[in-house]
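These are my notebook entries on one chain. I record what I looked up and what I read from the coordinates.

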Amino acid sequence: MEVLEKEIEQLLEKGIVPGLAMVRVGRLPEHVECMEKAEAFGKSVGVVIEKYIFPEKCDETDLMDVLEVINDDPQIHGILLLEPLPDDMSERRIRGILNPAKDLEGLDWGSLAGTDVDSIRKLMETTVKAAKGQLR
């Protein structure tokens, strides 16, 4: 964790606060737990977590509109769209609008279901790596 904290400190010195958007539709217990643990871990290392929580029966277009806003937000360096989405939503269409540079889906989200500390740390490390890209 020392390396992660040092990288975040370097970003903060340059005026960059790593930001992660977590998007959840509904209240699956594992999604709620993941958000809680990520928020606590993020706070402990200096990553800002923005939570976007939609009801189970939200309109797909409303979700996509918010994802577009998140894509364009320079304060957000990583986006985690918690899946599965409700059956009546198209994961392919929704995931397709995410900014690939911010989409953290590249991680092994199967291991995140248990929300172990190592998975949360990988999430933060990926967000910090994306934030460091602003320095180039």
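How many salt bridges does the count come to? I worked from a predicted model, and the count comes to six salt bridges.

**Entry 1: salt bridges.** I began with K51 and E39, whose closest N and O atoms are 3.2 Å apart in a salt bridge. This pair links distant parts of the chain, as K51 is in strand β2 and E39 in helix α2, twelve residues apart. I then looked up the exposure of both partners. K51 has a relative accessible area of 39%, so I noted it as partly exposed. E39 is at 30% relative accessibility and also counts as partly exposed.

Next I turned to R93 and E60, whose side chains meet in a salt bridge at 2.7 Å, N to O. R93 belongs to helix α4 (residues 91-96) and E60 to helix α3, so the pair ties together parts that are 33 residues apart in sequence. Is E60 buried or exposed? I found E60 buried, because its relative accessible area of 14% falls under the 20% limit. R93, at 47% relative accessibility, counts as partly exposed.

I also examined R95 and D103, where the salt bridge has an N to O distance of 2.9 Å. Salt bridges with shared partners join E83, R95 and D103 into one network. R95 is at 17% relative accessibility and therefore counts as buried, whereas D103, with a relative accessible area of 21%, is partly exposed.

**Entry 2: helix α2.** Does the span of helix α2 agree or disagree with its number of residues? Helix α2 covers residues 29-45, which is 17 residues. For the buried positions in α2, I listed H31, V32, C34, M35, A38, F41, G42 and V45. Just after α2, I noted that G46 takes a positive phi of about 100 degrees.

**Entry 3: surface patches.** Which residues form the negative surface patch? I recorded D59, D62, D65, E68 and D72. Of these I looked up E68, which lies in helix α3 (residues 60-72). Its relative accessible area is 37%, so E68 is partly exposed.

I also recorded a nonpolar surface patch of about 210 Å², made by L12, V17 and V48. L12 is part of helix α1 (residues 2-13). With a relative accessible area of 43%, L12 is partly exposed.

**Entry 4: pairs separated in sequence.** I looked up E50, which is found in strand β2 (residues 48-54). E50 is partly exposed, with a relative accessible area of 36%. How far apart are the C-alpha atoms of E50 and I76? They are separated by 8.3 Å, while the two residues are 26 residues apart along the chain.

Finally I turned to P74, placed in the loop between α3 and β3 (78-81). P74 counts as exposed, because its relative accessibility of 53% is over the 50% limit. From P74 to I16 I noted a C-alpha to C-alpha distance of 9.9 Å, across 58 residues in sequence.

Terms used. Residues numbered from 1 in each chain as written. Predicted model: local features only at pLDDT ≥ 70, side-chain atom pairs only at ≥ 80, totals over all residues. Heavy atoms only, no water. Patch = residues over 30% accessible without salt bridge, like charges linked within 9 Å, V, L, I, M, F, W, Y side chains within 5 Å. Areas by Shrake-Rupley, 256 points an atom, 1.4 Å probe, with all protein chains shown as cover. Salt bridge = Lys/Arg side-chain N within 4 Å of Asp/Glu carboxyl O. Lys, Arg positive; Asp, Glu negative; His and termini not counted. Charge placed at Lys NZ, Arg CZ, Asp CG, Glu CD. Helix = DSSP H or I, 4+ residues; strand = E, 2+ residues; numbered from the N terminus. Buried < 20%, exposed > 50% of the residue type's maximum accessible area, 1.4 Å probe, protein only. Expected span 1.5 Å × (residues − 1).
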